[in-house]
Amino acid sequence: MSSLNWALEILFFFKKAVLISGGVGTDQNSAEIFYPETNKSCSLPKLSKRRFYSTQSGDHLCGGGPDTRADSPRGDCVKWSNGTWTKSHNLTQKRYGHSSWVSSSGSYLIGGTHSPKTSEIIYDNGIVENGFDLKYDAR
């Protein structure tokens with residue numbers, strides 16, 4: 001069994017793994033699956049855009065930097081599925097340095113540098129809706 005197939009089996013069947021993506025450093029397009037019980041990890045295919053100060057909520061990776069190009073990842077989410085990263089959502093706000101919360105109805109993206117007093121919720125079916133407003137800045 002290849003290491004990628006091993007990682008997918010762990011992640012999707014046993015759900016005892018951590019999906020790690022992007023980050024500040026030398027390889028901002030990186031992604032891997034880490035299995036804490038065995039201390040093993042497996043590299044995944046690279047992200048199509050550099051991501052840092054983003055959030056990984058389950059299989060969705062949202063927002064993050066950089067913001068120097070027209071196709072900045074700050075306004076979208078990608079989903080890890082069937083061995084590839086695919087664009088899953090267009091966000092209503094740019095998200096960078098934000099937080100996320102996975103609820104039973106969807107994943108909330110909260111605050112961030114560009115929209116510190118807003119939130120939005122992404123659903124598995126690709127829909128994005130405005131969430132709740134925040135009283136204080138969250139960045």
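Is the link of C62 and C77 right-handed or left-handed? The tour below, made on a predicted model, begins with that link and then turns to a sheet.

**The disulfide**

Select C62 and C77 and display their side chains. These two residues form a disulfide, with sulfur atoms 2.1 Å apart. The angle about the S-S bond is 110°, and the link is right-handed. Distant parts of the chain are connected here: C62 lies in strand 5 (residues 60-62) and C77 in strand 6 (residues 76-81), the two being 15 residues apart. Colouring by accessibility will show that C62 and C77 are both buried.

Next, select residues 18-21, which make up strand 1, and residues 40-43, which make up strand 3. The three strands form an open sheet in the order 1-2-3, and their pairing is antiparallel. Strands 1 and 3 stand at the edges with a single partner strand each, so one side of each has no neighbour in the sheet. Viewed across the strands, the sheet has a twist that averages 25° from one strand to the next.

Select V18 and look across to strand 2: the residue opposite V18 is F34.

**A last stop at C42**

Finally, select C42. Is this residue buried or exposed? Its relative accessibility is 3%, and C42 therefore counts as buried, the cut-off for that class being under 20%.

Note on methods. Residues are numbered from 1 along each chain as its sequence is written. This is a predicted model: local features need pLDDT of at least 70, side-chain atom pairs count only at pLDDT 80 or more; totals for chains, interfaces and linings use all residues. Side-chain values use heavy atoms; hydrogens and water are left out. Two strands pair if DSSP finds at least two bridges between them. Helices (H or I, at least four residues) and strands (E, at least two) are DSSP runs, numbered from the N terminus. Axes are lines fitted to C-alpha atoms, for helices over the stretch in contact, and angles run from 0 to 180 degrees between N-to-C directions. A disulfide is a pair of cysteine sulfur atoms within 2.5 Å. Buried means under 20% relative accessible area, exposed over 50%, partly exposed in between (1.4 Å probe, protein chains only).
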